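These are my notebook entries on one structure. I wrote them down in the order in which I looked things up.

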Amino acid sequence: MRIVFLGPPGAGKGTQSQRLGQYLEVPHISTGEALREASRNGTELGKKAAKFYEVGKLVPNEFVVEIVAERLLQPDCRSGCLFDGFPRTVPQAEALDRLLAEQGDKVNVVLQLQIDNEELINRLASRGRVDDEVETIKERLQQYAAWTNPVVDFYQQRGVLCQIPGLGTPDEVFARIKTVVDATPTK
Ligand code: AP5
Ligand code: MG
């Protein structure tokens with residue numbers, strides 16, 4: 001099962017993909033986490049990426065496509081995986097299609113977590129990551145509108161998009177996700 005989580009910053013992609021990964025017993029791939037880890041480790045890619053994500057801009061497509069391509073080759077991803085925060089641009093979505101097709105696979109379902117701006121600003125302000133300053137959150141939202149909304153359309157046209165209300169407790173949101181995933185054919 002290959003599942004993509006879409007949604008603006010603070011929508012709950014990380015929270016819910018972690019839960020779903022445990023439920024399905026498949027890894028979850030977060031490009032945001034991978035970039036922060038690369039930066040903590042002081043790699044060249046990490047240093048370059050931090051210049052973008054610290055100010056709320058998307059990093060260049062090739063950075064994240066390379067991360068995902070390498071991760072997909074790991075044996076634990078063979079039977080399935082979840083994508084948290086990837087793809088975020090149409091070229092990334094096309095790259096993901098190609099990478100999965102090489103393994104005879106495809107995206108089964110795309111879960112779009114929906115949440116209003118007021119709620120997400122409250123959530124992020126109380127978390128305090130390096131990119132959680134109000135001005136940076138606004139930039140992240142603009143980047144989402146410019147680059148990721150077209151990805152929503154891309155998957156809608158494929159008939160794999162499923163909208164999930166992101167308000168409520170994490171348990172309530174997970175129950176909605178589980179209902180959709182349990183009903184999704186794997187092939
Ligand atoms: P990334 O790390 O993916 O950040 P994001 O998309 O901005 O989203 P967040 O991680 O802030 O939110 P989330 O939806 O995961 O919600 P969470 O569960 O954490 O990306 C960071 C940056 O890296 C990007 O800006 C970009 O620069 C770069 N990047 C990453 N991927 C890229 C790509 N593919 N292409 C280019 N650049 C890329 O929840 C948020 C908070 O709310 C938490 O504190 C949580 O505890 C809380 N919460 C969660 N659910 C609930 C609930 N139901 N009720 C109350 N609180 C809740
Ligand atoms: Mg996250």
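This is a predicted model: local features need pLDDT of at least 70, side-chain atom pairs count only at pLDDT 80 or more; totals for chains, interfaces and linings use all residues.

**Val 110 and the strands**

I looked up Val 110 and found it buried, with a relative accessible area of 0%. Buried means under 20% relative accessible area, exposed means over 50%, and partly exposed lies in between, with a 1.4 Å probe and protein chains only. Val 110 belongs to strand E4, residues 109–114. I take helices (H or I, at least four residues) and strands (E, at least two) as DSSP runs, numbered from the N terminus.

Residues are numbered from 1 along each chain as its sequence is written, chains are lettered from A and ligands numbered from 1 in the order in which they are written, and side-chain values use heavy atoms, with hydrogens and water left out.

Next I went to Arg 2. This residue sits in strand E1, residues 2–6. Is Arg 2 buried or exposed? Arg 2 counts as buried, because its relative accessibility is 1%. Its side chain makes a polar contact of 2.9 Å with the side chain of Asp 105. For a polar contact I need a pair of N or O atoms within 3.5 Å; within protein, one must be able to donate a hydrogen and the other to accept it, and residues adjacent in sequence count only if both atoms are side-chain atoms.

Strand E2 covers residues 28–30. I checked Ile 29, which lies in E2. Ile 29 is buried at 5% relative accessible area.

**Two backbone entries**

I looked at Glu 25 in the loop between H1 and E2. Glu 25 has a positive phi of about 60 degrees although it is not a glycine. With a relative accessible area of 70%, Glu 25 is exposed.

I also looked up the bond between Phe 86 and Pro 87. This peptide bond is cis, with omega about -5 degrees. Pro 87 lies in the loop between strand E3 (81–84) and helix H5 (90–102).

**Aromatic pairs**

How many aromatic pairs does the structure hold? I found four. Rings of Phe, Tyr and Trp (its six-membered ring) pair if their centres lie within 6.5 Å; planes under 30 degrees apart count as stacked, over 60 as edge-to-face and the rest as tilted.

One of the pairs is Tyr 23 with Phe 174, which is edge-to-face, with 6.1 Å from centre to centre and 85 degrees between the planes. This pair links distant parts of the chain: Tyr 23 is in helix H1 (residues 13–24) and Phe 174 in helix H8 (residues 170–182), 151 residues apart. Tyr 23 is partly exposed at 36% relative accessible area, whereas Phe 174 is buried at 13%.

Phe 83 and Phe 86 form a tilted pair, because their ring centres are 6.3 Å apart and their planes meet at 45 degrees. Both of these residues are buried.

**Ligand 1**

Last, I turned to ligand 1. There are 30 residues around ligand 1, and Thr 15, Thr 31, Lys 57, Arg 88 and Arg 140 come nearest. A residue is near if one of its heavy atoms lies within 4 Å of the molecule.

A polar side-chain atom of Arg 88 lies 2.4 Å from an oxygen atom of ligand 1. A polar backbone atom of Gly 12 is 3.1 Å from an oxygen atom of the ligand. A polar side-chain atom of Arg 123 lies 3.4 Å from a nitrogen atom of ligand 1.

Which elements give two or more residues to the shell around ligand 1? They are H1, helix H2 (31–40) and helix H6 (117–125). H2 gives the most, with four residues.
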